Structure formats: C-alpha cells, structure tokens
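Please keep the sequence and the 3D view side by side while reading this briefing.

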Amino acid sequence: MKKSKYIALAAVAAFTVAPLSACGAGQSNGSESKNYEIAMVAKGFSQSFWVSVHQGADDAAAKYGATVTFNGPDNDSQVDKQADMVQNAINKSPDAVAIAPLDEAALTPAVQSAKSASIPLFAFDTAFETNADAITSTVKTSNREVGKVAAENLIALLNGKGKYAVIAHSQTDATSTERRDGFLDYMKKNAPDMEMVGEVQYSNADQAKAQDIASAILQANPDLDAIFATNEATVVGAATPVESALKSGHKVLLVGVDSGKAQQQYIRDGVISGSVSQNPYQIGYKTIENAVKSLNGEKIDKVIDSGCFWYNADNIDDDDVQQAMYE
C-alpha cells in the first residue's frame, strides 16, 4: 500500500498547488470585477459535500466581489425539483447560472430558457452532454478516474483475487454512472481473477436504502470479499452491515468515494478500507472564479478537472490530505 499512498499524495499535491496559483493570478482581476449575481443550483444542499462546495463558492464570491445564491434539492432523486429551482433562478435574471445537473433531459427546457434570455450557463460536479454547447465552462472531477482509482486500490488490497459487489448512488446521474463504469472497466481489464456478484445495485443516494442493499448482498454472499460504493451516503449506509459482518468474523472490505465526517471515522475505525475523495471546496471556488473571469471577458478553459485522490488509515492525517478533506 506504500505505492498507493505515494501516488495519492502526489495527486493531492498536484491539485492543491494549482488552485493557489489560480487564486493569486486572479487577484488583480477581483477589483476590476462588477458585482455579478451568480445563481448556483447543486444536486443537494445540506449534505457535507455540497456544504463544502457552497463554502468554496462563497469564498470565491467574496474575493471577486460577486454575489452568490446557492440552492439544491433534498436528495439526488428529486430531478423535477432541481429543474424547477434552475428555472426559478433563471427567472430572476442573474448574470450567470451554474448547475450541477441531476438529469440533463429534465433540465433541457431551463437550459433553452437561459439561452433565450442570454444568461450564460456554467456546470459544476457533472458535465452536460446533449446541451454541452450551451455551457460556457465546466468544473468537475473526472469521475471515470475516481472509479479507476477505487478499482486500482481494491485490486491491490485483495491481491487481485476475490468477489466484489457494486452499489452506485444513481442510475441517471452522470457522476454515479461514470464512477461505476470507470470502476467496472478497470476491473474487467486488470482483475481477471476477480468476480463481480450479481448486478450493480442503486441507492438513490439514500443512506438507509444503501444499508438495506448492503445487508442483503452480504446475507446472499457469505464469501463476498469487497463492496464498492460510489458516494458518501451510499458508503456510510453500507458501513453499518459491513461493521456487523466484521464483528461476526466475515472479513469484507468496503471501498468508497467522498470524505464526509462519518466516512472519515469509519476509515479510522477500520470499517472502510479506503476511499477516493474529490475536492468539493475547489469545485465551488473555481466555478465562481471561472464565471467571474468569463463575465469579465477573459478566456477560460472549457473543462477544468478538480482532481481526486485515494486516502486510508495510513495517510488520512497527513497535512496535504487533510487540506482537501471536508466534513
């Protein structure tokens, strides 16, 4: 695992240094910016990941002299509610709207409405596909890379042998499907002696549902070696039955994504073997930074990767890892 730790720390350094340079480079532009009004609509609101995104956005707004409103549905399944929130934001005629899309088809009418009103659109966390031409810039983690890093480390933990299950948090959200596919594709190509049991299960980012799914998987597969869960709510939900299994003598590994407070504690306790984390603060910060720069007429990249890294009990307290964590 020393190799995995080394790679993880290098990845953290790569994306934590870059934002500092970007902030410094943009410092002189902040005083020249107008007080832009930017509406952000996320996939959630109270979950710790989105709280961290919100904080990054607020800090960038304070630096660049912008005003940000931040909203989102209660959970990933409220596709129609998010679409209504986006349309309501557009109706208020802000200078820009940033969206973390749950379901692109549901958002298409709002995207067209913004286009008709000449309101520039930005995306964060997840890219648009069908409506990509309507989006000025996207800040997101490469979610296929997240899945790949999880698979790479799971293979190392099990020495390339064993049975595993996958619980994804959504069938429609690209964040979930890309992580799922990145994981499965890497496993297929690089773990010929490992076997997936059953089909991918979906939690709808609901912790209680994830707990039920993981419990059923463990009961049906007493020889299961590992579970991969694609987001915070899903891995934390799965942790309860995994912890029970461990106490009863069934050694099963749990690998997740994100880095919320509960997940960090489960890693310290040895229930979760390791996780792949994004940097949600930088997702929020860079979304607002890019929007302001674009509104000021500056050239910005079409897609910006906010990075990801593997962390476990060995490196969780390292300074450069903690810098990118959230609770």
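**A buried phenylalanine**

F228 counts as buried because its relative accessibility is 0%, where the cut-off for buried is under 20% relative accessible area. The model discussed here is a predicted one, and in it F228 belongs to strand β9, which spans residues 226-229.

**Surroundings of F228**

- Once the neighbours within four places in sequence are set aside, F228 is in contact with A150, A165, V166, I167, R179, F183, V255, G256 and V257.
- Between F228 and G147 the C-alpha to C-alpha distance is 9.3 Å, although 81 residues separate the two in sequence.

**T177 in helix α7**

- T177 sits in helix α7, the helix formed by residues 174-190, and with neighbours within four places in sequence left aside, T177 is in contact with S170 and Q171.
- T177 has a relative accessible area of 15% and is therefore buried, given that buried means under 20%.

**Strand β1 and its partners**

- Strand β1, made of residues 37-41, is mostly covered, since 4 of its 5 residues are buried.
- On one pairing, β1 runs parallel to strand β2 (residues 67-71), and 5 bridges join these two strands; within this pairing, V41 is placed opposite N71 of β2.

**Helix α3 against helix α11**

- The axes of helix α3 (residues 48-64) and helix α11 (residues 280-295) come within 6 Å of each other and cross at roughly 35 degrees, and the crossing is right-handed.
- From α3, the contact draws on F49, S52, V53, Q55, G56, A57, D59, A60, A61, K63 and Y64, while α11 contributes P280, Y281, I283, G284, Y285, I288, E289, V292 and K293.
- Sorted by class, the residues in this contact of α3 with α11 are 12 nonpolar, 4 polar and 4 charged.

**Helix α9 against helix α10**

- Helix α9 (residues 232-247) packs on helix α10 (residues 261-268) at an angle of about 35 degrees, with the axes 9 Å apart, and α9 passes α10 in a left-handed crossing.
- The α9 side of the contact consists of E232, V235, V236, A239, T240 and E243, and the α10 side consists of A262, Q263 and Y266.
- By class, the contact of α9 with α10 comprises 5 nonpolar, 2 polar and 2 charged residues.

**The protein as a whole**

- The secondary structure amounts to 12 helices and 13 strands, and among the 327 residues of the protein, 57% count as buried.
- Of the contacts in the protein with a separation of 6 or more, 77% are accounted for by residues 24 or more positions apart.

Methods: Residues are numbered from 1 along each chain as its sequence is written. This is a predicted model: local features need pLDDT of at least 70, side-chain atom pairs count only at pLDDT 80 or more; totals for chains, interfaces and linings use all residues. Side-chain values use heavy atoms; hydrogens and water are left out. Buried means under 20% relative accessible area, exposed over 50%, partly exposed in between (1.4 Å probe, protein chains only). Contact means heavy atoms within 4.5 Å. Axes are lines fitted to C-alpha atoms, for helices over the stretch in contact, and angles run from 0 to 180 degrees between N-to-C directions. A crossing is left-handed if the near helix is turned anticlockwise from the far one by less than a right angle, and right-handed if clockwise. Ala, Val, Leu, Ile, Met, Phe, Trp, Tyr, Cys and Pro count as nonpolar, Asp, Glu, Lys and Arg as charged, and the others, Gly among them, as polar. Two strands pair if DSSP finds at least two bridges between them.
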